[in-house]
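Thanks for coming. I have one structure today, and I will go through it from the interface to a few single residues. Please have a look at it first.

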Amino acid sequence: MSDNLPETTRGDHSPVAAQEPLPDPGLPAHQWRPTDVDPKAEKRAERQVASLFLLAVLGSIGFIASYVVFKVGDHPDTIGNLGASNLALGVCLAVTLLGMGAGMIQWARKLMGDHEIVEMRHTASSPPEDREATLGILQLGLEESGLGRRPLIRNTLLAAGGVLGLLPIVMLRDLGPLPGDKLDHTIWDISTWTPEMQAWWQTQHRTLQRVVRDVVGTPIKVTELEIGDLVNAEPEVMFALDPETKQPIVEGTELLVDKSKAAVILHRMLPSDIVSTQTLNWSVDGIVCYSKICTHVGCPISLNERTTHHLLCPCHQSTFDLTDSGRVLFGPAARPLPQLELTVDDEGYLAARRDFTEPVGPSFWERG
Amino acid sequence: MRLLNRPLGRLSRYRRGPVAGLLVVLMGLVLTGGLYAAFSPASAKVDDSAALAKEGHQLFLVSCAFCHGTNGQGIKTLDGNQLGPPLAGVGAAAVDFQVGTGRMPAVQPGPQIPQKEAVFTPTEIAELAAYVATLGPGPAIPNPSDYSLDGLTDEQRQQAIAQGGQIFLTNCTACHNFEGSGGAMPKGGYAPKIRGVDPKYIFEAMLTGPQAMDTFSNGNLSVEEKRDIIAYLQSIQNNPEYGGFGMGGIGPVSEGLFAWLVGIGSLVGIAIWIAAHTARSSKQKVEL
């Protein structure tokens, strides 16, 4: 401790009444507000508050009026290019709430009582007599319930609580069953199809599944694509119709699940642009086919740069090189984009030679 | 008949006159020329396009050859990059798009050539397009009938818009945003906003794939599919913004973040400002 500081403790470290180096100046004198000292200002503030509350009334009336006046539905009224009803309702409600809020603030700050209040600090703990009384009550409860004297009741209660804890664990069963090998193959693999899909395939008399355009489901000829074309495509069974009922064979949840794994993109480039042997061997005249599902967390990716053949995922910017087996160039993805081996069927349409040779989409526990 | 015959009868008196032969030859020539002009529009058009291309070549030499080469063969920089790409096979559609939207002639090289006021008049653009089309076969400028919904019933129109929406969401939204507001691309590039763009230019952009954009040739997306996409874009453009001013469709997370940070943040700021400011008078209260 430095010598030029005032002595605040005695040798036994018990506190002393500190000698204040400066006299306590006390609280500053109260300064009045203009509304306290000037009756005119007070009247004006009163009128302001009342006007704000009246504005709020007008806002509510406007709200009701715009609800009645403006047309909604197929051909709604517009103001500029905005929906008139929503806009007017919102503005009127805002005027009402703002008017009430501003009025209350103005009222409280200009007209309500204006005193400084001093609240002295006190110790945070309860007084000792309160603490003793509480402990006494707890002790009495323990004695009267006989929890210590009747171990049978105590132990059965503990057992009931413990078994109750098992219930949420049992419900975790709903997370299963484990996917098995479902994640290892996609609907590109004909051998994994359901009997209905197999029956439809029998009527087609072909061996290779075509790669068809998404949305419209039309098959693609090599000659239809120009260099630089990007096609968002699907396996043809997605668009298969039951020969009798003319209803889609794959539909509902099944369709969504299959689509989320089997969606692909086709991109045609100069064969001389292709770098890796696998990509070249699995392409047809410079047309390469890759999974559309990012290997990071499974976003659909079709954000391609024609000039560089880099495919970018819009979610986390993973970038894949379509000329080089889908190698990861940038971003958090850890695995290359799976390539689909492409070929041409007897009628000249692009088709898949087989399923992806590795699981598509994000990595998962069992994949290692 | 007599009335009709009379002038002819009188005229026939001159049939052996000194200028009769000359007149007949003249009339024959005029008739032949007129008929030829009336019945041979095809050859007349060919002559027209050749003339256009010739004019276009002159413009090309002045305005484009610096980067694209005097024959449109393209020019490479010293480190192997393209100063201007070769233009053989890009077609008239590419020229109409690039020059019509002002992207070409470019002011300076860069990650992406921005859109600006068009420099050339429509006639000059047609001439340049005609010249570049002679360099190699490529997509032609689309017909307005290719992307117009005229002649369709209301139901067919609704179908076209619905189908176009599906195709748009599958093929275009990855770069251009789900309502066509555009988005960022790697290395300083960007996918431009495509709301409010002339349908012709949207069609041409799909056909030709400007800059880093993929092409969507007619073999990839058929003419009808392109028309449907354009119909969808126009339909969302005509939709009023029901919820007030839009934020460019930047998505729920970003819009929510904006509401929290800017909206609630400014409310907190206003509350602090109100609490920190108060009017005080220097006068003392007069006890009445």
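**Two chains and their contacts**

In this predicted model, 30 residues of chain B are in contact with 38 residues of chain A. Two residues are in contact if their C-beta atoms, placed from the backbone, lie within 7 Å. On the side of chain B that touches chain A, helix H7 (154-171) and helix H8 (173-176) of chain B each supply at least two residues. H7(B) gives the largest share of that side, 4 residues. By residue class, the side of chain B that touches chain A has 11 nonpolar, 13 polar and 6 charged residues. For the classes, Ala, Val, Leu, Ile, Met, Phe, Trp, Tyr, Cys and Pro count as nonpolar, Asp, Glu, Lys and Arg as charged, and the others, Gly among them, as polar.

Some conventions before I go on. Residues are numbered from 1 along each chain as its sequence is written, and chains are lettered from A and ligands numbered from 1 in the order in which they are written. Since the model is predicted, local features need pLDDT of at least 70 and side-chain atom pairs count only at pLDDT 80 or more, while totals for chains, interfaces and linings use all residues. Helices (H or I, at least four residues) and strands (E, at least two) are DSSP runs, numbered from the N terminus.

**Chain A overall**

Chain A has 9 helices and 12 strands.

Of the 368 residues of chain A, 25% count as buried. Buried here is 20 or more other C-beta atoms within 10 Å of the residue's own, exposed is 12 or fewer, and partly exposed is in between, with C-beta atoms placed from the backbone. Among the contacts in chain A with a separation of 6 or more, 58% are between residues 24 or more positions apart.

Val69(A) is in helix H2 (residues 39-69) of chain A. Val69(A) counts as exposed because it has 12 C-beta neighbours inside 10 Å. Its C-alpha atom is separated by 62 Å from that of Ser126(A), 57 residues apart along the chain.

**The sheet and the core**

Now the open sheet in chain A: 6 strands in the order S6-S5-S4-S3-S12-S11, with antiparallel pairing. Strands pair if DSSP finds at least two bridges between them. Strand S6 (287-291) and strand S11 (342-344) of chain A are the edge strands, each pairing on one side only.

Is strand S3 (residues 209-213) of chain A buried or exposed? 5 of the 5 residues of S3(A) are buried, so the strand is largely enclosed by the rest of the structure. S3(A) pairs with strand S4 (residues 230-235) of chain A over 3 bridges, antiparallel. Val211(A) stands opposite Pro235(A) in S4(A), and Arg213(A) has Ala233(A) as its bridge partner there. Strand S12 (residues 350-352) of chain A is joined to S3(A) by 2 bridges, also antiparallel, and Arg210(A) is partnered by Ala351(A).

The largest nonpolar core has 86 residues, and those with the most contacts inside it are Val211(A), Val264(A), Ala129(B) and Val132(B). The largest share of this core, 8 residues, comes from helix H6 (residues 122-133) of chain B. A nonpolar core is a set of buried Ala, Val, Leu, Ile, Met, Phe, Trp, Tyr and Cys residues joined through C-beta atoms within 7 Å. Leaving aside neighbours within four places in sequence, the contacts of Val264(A) include Val211(A), Ala233(A) and Leu340(A).

**Backbone details**

Lys246(A) is exposed, because 7 other C-beta atoms lie within 10 Å. Ser325(A) is buried, because it has 21 C-beta neighbours inside 10 Å. Ser325(A) is in the turn of a hairpin formed by S9(A) and S10(A), with 5 residues between them.

Finally, the peptide bond between Gly176(A) and Pro177(A) is cis, with omega about -5 degrees.
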